[in-house]
Amino acid sequence: MLPVIGTLRPWADPTLLQLGRLPMHVPLDAADRLALDGPWQLEMFERPDAVPATAITGRRRRAVEVAVPGNWTMQDLGTFSDPPWYTNVQMPFPGPPPLLPERNPTGVYRRSFTLTHAWLRRRSLVHIGGAESVHAVYVNGTFVGYGTDSRLPSEYDITSHVRQGRNELAIVVVKFSAHSYIEDQDQWWMGGLHRSVWIEHRAPVRIADLPVTTDYDPASGAGSVAVTTTVEVGGDPAAGWTVRTTLRDPRGKRVGRPDEQPVPDAHRRPYEFHGFRVIARWELSRATPWSAESPARYTVTAELIDPAGDVAQVETQLVGVKRVEVRDRQLLVNGRAIWIFGVNRHDHHPDRGKAVTVDDIRDDLLAMRAHNITAIRTSHYPNDAVFYDLCDELGFYVVDEANIESHAYNRSLCDDPTYRSAWVDRGARMVQRDRNHPCIILWSLGNESGYGDNHDALAGWIRKADPTRPLHYEDAIRIDGWVDGGLTATDVVCPMYPEIADIQAYGDSAGTRPLIMCEYNHAMGNSNGSLSDYWHVITTTPGLQGGFIWEWKDHGLRQTLADGTVRLAYGGQFGESPHDGNFVADGLMSADLEPHPAMHEVAWVHRPVTVTATRGGLRIENRQSFAGLGALKARWELFVGGEITRRGSLRVPPVEPHGSVTIGLPVERPERASTDVQLTVRWELRADTWFAPAGHVVAWDQIELRAPRRTGRSGVETARTDRSSRAAIDQAAIDQVAPVLHLRRAPIDNDGFKLMPELGRRLRVGGRSMERWQDIGLDTVDPESLVDHEMTRRVDGTGTVFRHVVDVPDELTDLPRVGVTFPVPARFRSLRWFGRGPHESYPDRRGAATLGIWDAEPDESPYLVPQEFGLRTDCRWLELVDADGAVMRIDVVMPASLHMSATWHTDDDLADAATATELHRRDHLTVNIDVAHRGVGTASCGPDTLPQYRLAAGRYEFAYRISV
Ligand code: GAL
Ligand code: MG
């Protein structure tokens, strides 16, 4: 039993949120700080009741050295074992709440610190940035306090427990608590002190909080800044203290005069007294507003002046003047609608788990911004304070989410009075810490916790404490529907994984709130189908403003196996049970920050400017809310038969934010009718920015000036022209090519969960295609026995033409593909093609991939769990090139284009491998040519591939010429 708490078992009691913890406040900066990050001693116990008093003060018997910040689950604990544990909805132990498991790893962190005499004349606080899940603090053996909420800091006054010289700090962290039931997010269960710890030195009379409220009137350009300085007097307030508050504009110029007011005296008029608070207010006739597009910040300085006239404390806050409101079915920032080009972001690092550094966060933000992601939902808990500083500075819109998710007990805890105070406290403490950040546009009441009284209690608190921001809570709209559901708890309609038809229907409804998808387009494996279909509807339907893709990064954890193999592990690979497998790997980026191919599509659907064809011209639309296009330079390129034949700069008149202009084509349509012609317009940064150098392409569109001809004759002609300059045909090499009918694909996560077929049923998510195809025998029987297939092969002077007619019977509607596959001689190792590129694309994810002639090495498998990858859609030809430059060429004869890929793996190789490290290259490439390929969709969590990207039954005809 933990000493001093006596017979209380606070970790097991959901009503006990804190003991001795100081009130939350906005982060303050001017204190003397003694950093305690670095090595600590950690001794692990099987459960909190097993921690002896001697563990807090006595000899450290089995302690190991670990890093703080750090998760102990990611560090070497010697003989004690507590690896990461992944579950999604289910709890890792049986309930019901608040029951806890018999084994409940508990760590006693210890280290010493030294205080000089000067420190002792002042107050000392200990700051604990984040502890999963609950913690108790001891100084020199004495119990100081207890706190809950793994994702917000806790502070304790330790003044009366410290002494001059060496002091002993012990922090006991209990992994599972009654609060774990409301921290049941879809992520790894970790443990330990994952954020910074420090000791702070404070004067007895001090500035304890400094909330700033701003407003901006878009009609007049006026703004206001109101600063509330809360002074803690620590006992009887002496008269004569004052607060001087100063405001500086974004250029550093002082605004008006400093405000100087006495700190009120409580005793004179107790009835009127509302705290030791001084409120300073500025009206700005012309304010410089903050937005993500132009993140201008004002500087507030508050000085606490003692009765002798000396400055005792100085605090600075960087704030933004802005207004967020919901009006006319729109979420407006400074009076303008904004597009939510968003992602959901978890704190995650492959080696450190939840202990992300400032550099990790900055790396995430940089990669986001470079891919046109400008909004973040902090799924599903508040981040380290530095995250919001960076978003303020660099310009991101943030939905700040309270650390509340009771997914396994989705419908009960939200009405459970024993959890009521936890609900309110978690949300309120988040608001109290983060309220000064201009980046925050919505407060989120948490995730997947049903909708109950506890939510409305929290919503009420926030609405009173911060009327300047609307609320966001997904589950509230499920009760009574999107139009009227949960009006008290959410000001936006924020569904997860809706069908496109449903968001469109909401747009056509009488709903009064804007619709912003809190999660959509699940990025698990080869996924993110129909992003452009979503954005087509979003940008053409009133009331829709975008959403947050699920999710930023895979949560793979780096793991070294006994044989030395290093891999990024997913659920179950640490031997934990129960677990939810690779459902934890569903990011646009790999865990170590490599973009997955779909990231190109994300950047493209989020592009700040679009170009579309009009009759005879180009329509240019600026999708930004505040900026013109002046920072961008537009260039065009004319592609004829895949070759760039002309290029130039595009002269564009000024385009207002949310405005558009129409201009003429920069070039005449070429007369030559025999090949296809495209115009590409690319928008580059004129100057270096924090996220990319000058020249970085932020937007692009390709416009079809002349469609390829249906007969495919163009392919033949191109082949002939090229051939004249080449050596004689190597008929022997062609004769080795034996295309076989190809109807299957190695299952992508959206087809079904190949590693855990039961997972989908348990989670009530996931595609059923894989099972359907297995039932047909697609992976096992000869495809010739399933469909009628006729292949003819004709040798002529330019190569060999293969012609296929495939009749798919009705009962085989919705196959993965119709095409052929064949290995090629091992000497052909690099690729060149005329089709979409340069990256992989699929029929429902090909907006970003433009038509052209591309050169590349074959792709490496980009996904954590091997699956179908590497397709290039709409190819006119593909060349496989050997080291001497000899070429095997595949020209499409009919229809106008085919989808192709060439990888080092067969379907079986990909289907059989459970992790990337089990996948080995063959010594030759396998080529796939498809006349049709099913779109990838997002069925692992969300809508399946749309009907227009599925394969109908009926006749498929295609032909191609192979020459060497
Ligand atoms: C949502 C949930 C996320 C994640 C996602 C699936 O339901 O809010 O936390 O679990 O599904 O990856
Ligand atoms: Mg969940």
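Arg329 sits in the loop between β24 (324-327) and β25 (330-333); helices (H or I, at least four residues) and strands (E, at least two) are DSSP runs, numbered from the N terminus. The model is predicted: local features need pLDDT of at least 70, side-chain atom pairs count only at pLDDT 80 or more, and totals for chains, interfaces and linings use all residues. Residues are numbered from 1 along each chain as its sequence is written, chains are lettered from A and ligands numbered from 1 in the order in which they are written, and side-chain values use heavy atoms, with hydrogens and water left out.

Arg329 is not a glycine, yet has a positive phi of about 60°. Arg329 is buried, with a relative accessible area of 16%. Here buried means under 20% relative accessible area, exposed over 50%, and partly exposed in between (1.4 Å probe, protein chains only). Asp814 also carries a positive phi, of about 70°, without being a glycine. Its place is in the loop between β45 (799-808) and β46 (817-823). Asp814 is buried at a relative accessible area of 8%. Most residues other than glycine have a negative phi, and most peptide bonds are trans.

Two cis peptide bonds can be described. One runs from Ser577 to Pro578, with omega near -5°. Pro578 lies in the loop between β35 (566-569) and α10 (598-605). Another joins Met894 to Pro895, with omega near -10°. Pro895 falls in the loop between β51 (887-894) and β52 (898-903).

Glu405 belongs to the loop between β29 (397-401) and α5 (420-434), and Glu448 to the loop between β30 (440-444) and α6 (453-465), so the pair ties together parts that are 43 residues apart in sequence. Glu405 is buried, at 0% relative accessible area. Glu448 is buried too, at 16%.

Glu448 also contacts ligand 1: one of its polar side-chain atoms lies 2.4 Å from an oxygen atom of the ligand. A polar side-chain atom of His522 is 2.7 Å from an oxygen atom of ligand 1. For Asn447 the corresponding distance is 2.9 Å. Taken alone, ligand 1 exposes 310 Å², and the protein buries 96% of that; the areas come from the Shrake-Rupley method with a 1.4 Å probe. Ligand 1 is surrounded by 13 residues, the closest being Asp186, His380, Glu448, Glu519 and His522. A surrounding residue has a heavy atom within 4 Å of the molecule. This shell divides into 5 nonpolar, 4 polar and 4 charged residues. Ala, Val, Leu, Ile, Met, Phe, Trp, Tyr, Cys and Pro count as nonpolar, Asp, Glu, Lys and Arg as charged, and the others, Gly among them, as polar.

Helix α5 has 15 residues and reaches 22 Å from its first C-alpha to its last, close to the 21 Å expected at 1.5 Å a residue. The expected span is 1.5 Å times one less than the number of residues. Of the 15 residues of α5, 11 are buried, so the helix is largely enclosed by the rest of the structure. Among them are Trp423, Arg426 and Met430.

Notes:
A polar contact is a pair of N or O atoms within 3.5 Å; within protein, one must be able to donate a hydrogen and the other to accept it, and residues adjacent in sequence count only if both atoms are side-chain atoms.
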